[in-house]
Amino acid sequence: MIRTRNLTKVFTTEELETTALNNVNVEVQDGEFVAIMGPSGCGKSTFLHIAGMLDNPSDGEFFFMDEEVSRYSEKKRAGLRKGNIGFVFQSFNLIDELTVYENIELPLLYLKVSSGDRKKRVNEMLEQLELMPRKNHFPQQISGGQQQRVAVARAVVANPKIILADEPTGNLDSSHGDEVMKILVDLNENGTTIVMVTHSPAYADYANRVIHLFDGHIVTENLKEKYDRHMRPLSEVAS
Amino acid sequence: MFKNYLTVSVRNILRHADESIFDVFTFRLIRGDPKSALKTASDVVITENIAKKYFGNEDPIGKIIKFENKYPLTVSGVMANGPLNSHFTVNFLASFKVLIELDPDEYKRKMENWTRGVDNYTYLLLQKNCDVEELEKKFPVLIETHAGNILKILGGKMVFFLQPLRSIHLHSRLKAEIAENGDIVYVYAYTAVALFIIFIACVNFVNLSTARAAGRTKEVGIRKVLGAQRGELICQFLEESLLLSIISLMIALGLVELTLPLFSSLSGSPLNLHFVSAYRLFGGLLGLLFFVAILAGSYPAFFLSAFPPACVLSGRFNTGSSDIRFRNILVVLQFTISIALIAGTGIIFNQIKYMQHKKLGFDKEQVLVLRVIDDSILKSFSSIKDELKSHTGITNVALSSHVPGQSPSFIVFIPEGFNFDQSQLMDRISIDSDFIPTMGIEIIAGRNFSSEFASGNSQAILINETAARQFGWKNPIGKTIDQPVPDTDQKVTKTVVGVVQDFHSESLHKRIRPLYIEYETANFRYISLKLKPQIISDTLAFLRKKWKQIDPAQAFDYFFLDEAFGRQYKADEKLAQIFSSFTLLAIFIACLGLFGLASFTAEKRTKEIAIRKALGASVSQIILLLSKEFTRWVLVANFIAWPLAYLVMNKWLQNFAYRINLGLGTFVLSALLALLIALLTVGFQAIRAARANPVDALRYE
C-alpha cells in the first residue's frame, strides 16, 4: 500500500533546522493494521502527514500504491487523497459550522458523488456508528466520543483504501477510546489498511505490527537500548 | 377685477415659442391640435396642472387668460404635465407672435441687429446622421451675413455653438440659462464619496475576513485533507462574498426606496429611482454587485485557500506579520478617507459661515422688496413714497432696477481717457436717491444722487471702488463715462458725482465688477422698504392694505432681501448637508470595522493579557497596550489625508471669488476628532479585555 525509501523531512525556520524524519524506510501492506509509537517529537505525526500526502518529504521516496508521489504538487496529491485516504485526528477536526450529517457528507461532495448516493451512504454511516439521533446536531453539541465517531464516519464514508489515525483516542476517556478502537479493528477486519499513531501500548496491541520511532529514526535492534534507556525513569539513569 | 379674464403673474412661467416647438419637443397635447395650437398671437397652451388649478373640471379651451394686466391670450390647447427631469418647465406656452405684435419696432431692430441682445433659445432637431462639427462650421458664415458689419464697428466677436440637450442641465454654465442648472461637479463629488463609502465597507469585509482567518484555517485544512482543491475553496469563499453582497444589495435597495424622499429634500433635487431606465439600473447594480463581491472577497479567498494543510493541522501555521501589515494598511486607508471627509466637511461649513457673515457692503436685514409690474404706478410714486415713509414701521423707501442678489445688466462703456477700442464692460443698475441710504451703502467720495435737484440726476452717475481702481482714477469725481447708443454714432455721456464702497451685488462666488450706477426712472423695477424689526407684522399688514390702493391688479408679492440673497448659497448649503451626512456614514462604517478588528485582536490576545495581568500589569496599562496598536495607524492616516483634503478643497474653493484661507486648524481638528472616535471605538473592547478575570482567560487555553 505505502512504502518509503530513505524518507527524510527537515523543517527549516529562520534560525533553526529540525530533522523530523531521518532515512525512514517503512512498508505497509494492504490490509495491515500498523501502530506507530514513540515519544513526543519523534516524528510520528510528520510521518503520518507524509503518508497521507499532506506534506512532501525533504528527501527520499514515498510510494503510494506503487506510485512515487514525493515530488507531486499539492493539486496532484489532493487528487490522490480524495477517496483513497481517510484521516482521523486526535482533536477530531470537525467543522463547527456544519452539522454531523454535513461533516460526514463532505468527502462525498468533493468526490462529486450524486445527491441520492450521498444520502444513502451517509445514512448508512450514521446507522452503523449509532449517530442517527445526532445527525442534525453541531459538533459542540455532542460528546468527545461522539465527535470522534463522526470523524471516523467521515474518514470511512468514501470507502478509502487506507485510514491514517493520529492519536485517535488521545482526547477520549477509556470507554470512548475502546469504542473507537473497536470501530477501527472492525474496519481492518473488513479489509481496510490502518496506520495508527498512538502513545498507548494497550491500544498498540490491537495492531498487527508496531513501529517504534525515536528522534526521526525507526528504532532498530541496535537503537532499542538507547530507546529503552530514554524511556526509563531518571532515577534509574542517574544510578 | 376682470370678470371675463383670468389674471396671472408671469412668475407662473410663461414662455413664448413658435409653432415648430411641437415638432422639436415631445410635448404631448391632450387637448388641441399641435399644428394649430400656436398659430395666432393670442394663442396659449397650458399644462394639465394649470388647467386643473384655474379651471377645475371646466373645459379650458377658449377661456381667456390675461398676463400681468398686459395682454389677454386664449387657451388653445392643454398639454400633459412634463416629467420632473425636463430640460425646462413651462406652465403657459404662448406664441412668439405676441411679442412681435407688442413691439414690432423693437422686434425688427433685434432681427436686424444681432448685437442688441439675445432673448431667444434656439433648439435644432438634427437628422440622425448629422455631422455636428460640420454644421457648426457653417455658423461663422451666418454670423458674418447677419452681424458682420456691426461687429466690425463694435470690434466685437460673436460665436455660436451647439450643445446636446441632455448635457445642458449638468454641464452648461452660460449666463442666462433657460432654467436653473445643476452641476456635474456635484454629481462627481457625490459619486466619489459614495465610492469611498463602498471602498471603506469592502475594506472592512477584507479586514474582518482576514482577522477571522485564524479561526477558519482549521476548516480550510480539513477541507483540503478531505480532497478540496484550491480552486474549489476559492469558489467557496467568493460565493460566500457574493451571497453577502446580494443580501446587502436587497437591503440597500429597500433602504434607498425608504430614504430617497429624505435625500431629495436634503439635496433639493426631486430624485426618483424611475429616472433611470430599468435595464440601465439593473445592469449597473449587477456590475456593482460583482465588483464589490470580487473585490471584497478576493483577498480572503486567495489568502485562506493557500494555507498548507499539514502546517495548519500540526499548528505550525502562523498568519504572519505580512497579514497584520496588510490589515494595518487597510485601517490607514479607511481612516485616511474618513479624516479627509471630516476636513472637507469642516472646510465647506467654514466657507459657508464666512459667506453668511462676511460684510457685503450693504445691509440686507429687514429690507422688504416688491416687484413693480405695472410701471404706471411709478409716475406718481413720490407721494406714495412719502406716505409709506410716514409709517412708524418703515424707515426708508427706494426704487431701483435691480436689488442685490440679482445679476445686473452687463454693458459696454467708454470711460474718460479710454478709446473706443479700450471700451470697458461694467455692470449697470438704476437707482433713486433713497437707494444708497436704504441699503446702507457707504459713499467714500463725492455725493449721492440729489433728492432736491432730481433733474440734475439724469446726467450724474455713481461708480464703485472697483471701477475707479480699474480705470486708474485717483480722483474720479468729475470724470465722464460714455455709453454708445446702439445702431447710431451717438453716445450718452454722464459725469461721476460719487464713488460708493464696493458692495456684493451677487454671491461671493463672483468677484465684484466695475459698477455704473445711473438715475433712470424708466428702468425702475423694484421697491425696497427698510423696516423696523420690532413691528414687522404690523408693517406687513399696513403694506398689504396699502398695496391694494397702489396696484389693485397685482398681488402683494414680496420677498425679504436677506432670504433672497441667501438663496444663492442654496447649492452650497445642500452640499454641506449632504457631505456631512456622507462623512458621518463613512466614519460609522470605518468605526464598525475598527470595532470588529479590535474585538478579534482582544480575543486573540486573551492569554497574553491574562499573563500580563498575572505579572502585575494594571488595567490602564492593558488598555494602552491594546489601544495604541490602532490609534497609531489613525495618526499615520493624517499624513495622507491632509494633503489629499487640501488639494481637493483648495480646488473647490476656487469656485469662490471670496474665500477662506486653508489654515492648519481645520486639519488638526479633523485629526483630533478621528483620533477620539478611534479611541472610543477601540477603547470599549480594550476596557472589556483589560477588566476580564485573568483566571478565566488562562482557562480559555
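Predicted model: local features only at pLDDT ≥ 70, side-chain atom pairs only at ≥ 80, totals over all residues.
Is the crossing of α5(A) and α6(A) right-handed or left-handed? Residues are numbered from 1 along each chain as its sequence is written, while chains are lettered from A and ligands numbered from 1 in the order in which they are written.

**View 1. Helices α5 (residues 144-156) and α6 (residues 174-189) of chain A cross at roughly 15 degrees.** Their axes (lines fitted to C-alpha atoms, for helices over the stretch in contact, with angles from 0 to 180 degrees between N-to-C directions) come within 9 Å. That makes α5(A) roughly parallel to α6(A) (an angle under 35 degrees). The crossing is right-handed, the near helix being turned clockwise from the far one by less than a right angle.

**View 2. Residues of α5(A) meet residues of α6(A).** Among them, A:V152 and A:V156 lie on the α5(A) side, and A:I183 and A:L187 on the α6(A) side; contact means C-beta atoms, placed from the backbone, within 7 Å.

**View 3. Four strands of chain B form an open antiparallel sheet, in the order β9-β17-β8-β18.** Strands (E, at least two residues) and helices (H or I, at least four) are DSSP runs, numbered from the N terminus; strands pair if DSSP finds at least two bridges between them. β9 (394-400) and β18 (558-560) of chain B stand at the edges, each with a single partner strand.

How values were computed: Parallel < 35°, antiparallel > 145°, perpendicular 65-115°, else oblique. Contact = placed C-beta atoms within 7 Å.
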